[in-house]
Amino acid sequence: MLLHIPGVLSTEQVKAMRHRLDTVGDSNIEGWVDGRVTAGHQGQSVKRNQQLAEQSALAQMLGGLILAELERHPLFISATLPSRVYPPMFNRYGPGMAFGNHVDGAIRLMPGTGVKLRTDVSATLFLTDPSDYDGGELLIEDTFGAQAVKLPAGDMVIYPSNSVHRVSPVTRGERVASFFWIESMVRDDAQRTLLFDLDQAIQGLNPACVQLTGTYHNLLRMWAST
Ligand code: NI
């Protein structure tokens, strides 16, 4: 399921975050580094961007703010049924930068913990307004072909981590975003999508039907592992 999740961050939160990200500087342990530091074998040859160093205090602080918002975002919870969320990372594409076709690695180590996370769902949270840059679309291949995603700052897209995707070259301005992965309690995308559709349909009922709510929870009980 590819889903647009609007309003993860407010305009004020994006502005404050961008101020910190835009003033942190380049090429040191706290600042922006070559994005290939975390790329796998396949990613090395196609990844051309910058990333905030994963161990930087700023990345951890801003990532914590994003996680706090997501914990209380009903659409995010309903759509991903999160078991674990990888600490959000930050990337930046200037003119000429791009990330060619790739699939995200299946397993990631949570930094500093030794805990493994299976990437079921990939997330990109946009931190630049679309009018401030050209190019830089996130192109996600699904059964309908490549879907081009370019969202307002503060909005997020989630999509299955096994999708082939890429970021088209930025031709003007800078594209700043946060990206991370979710291990879901329900690893199968089709099951997760069915649960999401059912949950959304129930929420549209007034009053909610007890039997349908029960069916949702019984399916979740059948398919979820915590
Ligand atoms: Ni990716």
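Strand S3 pairs with strand S7 (residues 98–102) in the antiparallel sense, over two bridges; strands count as paired if DSSP finds at least two bridges between them. Helices (H or I, at least four residues) and strands (E, at least two) are DSSP runs, numbered from the N terminus. The structure is a predicted model, in which local features need pLDDT of at least 70 and side-chain atom pairs count only at pLDDT 80 or more, whereas totals for chains, interfaces and linings use all residues. Residues are numbered from 1 along each chain as its sequence is written, and side-chain values use heavy atoms, with hydrogens and water left out.

In general, strands of a sheet pair through backbone hydrogen bonds, either parallel or antiparallel.

The protein chain is assigned domain 1 (3–184) and domain 2 (186–226), the bounds coming from an automatic or database domain assignment. The C-alpha centres of the two domains lie 28 Å apart. The contact (heavy atoms within 4.5 Å) takes 11 residues from domain 1 and 10 residues from domain 2. About 900 Å² is buried between domain 1 and domain 2, and carbon and sulfur atoms give 55% of this area; buried area is the accessible area (1.4 Å probe) that two parts lose on being put together, summed over both. Ser78, Leu81 and Ser184 supply 47% of the area that domain 1 buries against domain 2, more than any other three residues.

Helix H4 (residues 74–80) gives four residues, the largest share of the side of domain 1 that touches domain 2.

Two backbone features were also found. Leu81, in the loop between H4 and strand S5 (82–85), has a positive phi of about 45° although it is not a glycine. The peptide bond from Asn206 to Pro207 is cis, with omega near 0°, and Pro207 lies in the loop between helix H5 (189–203) and helix H6 (210–223).
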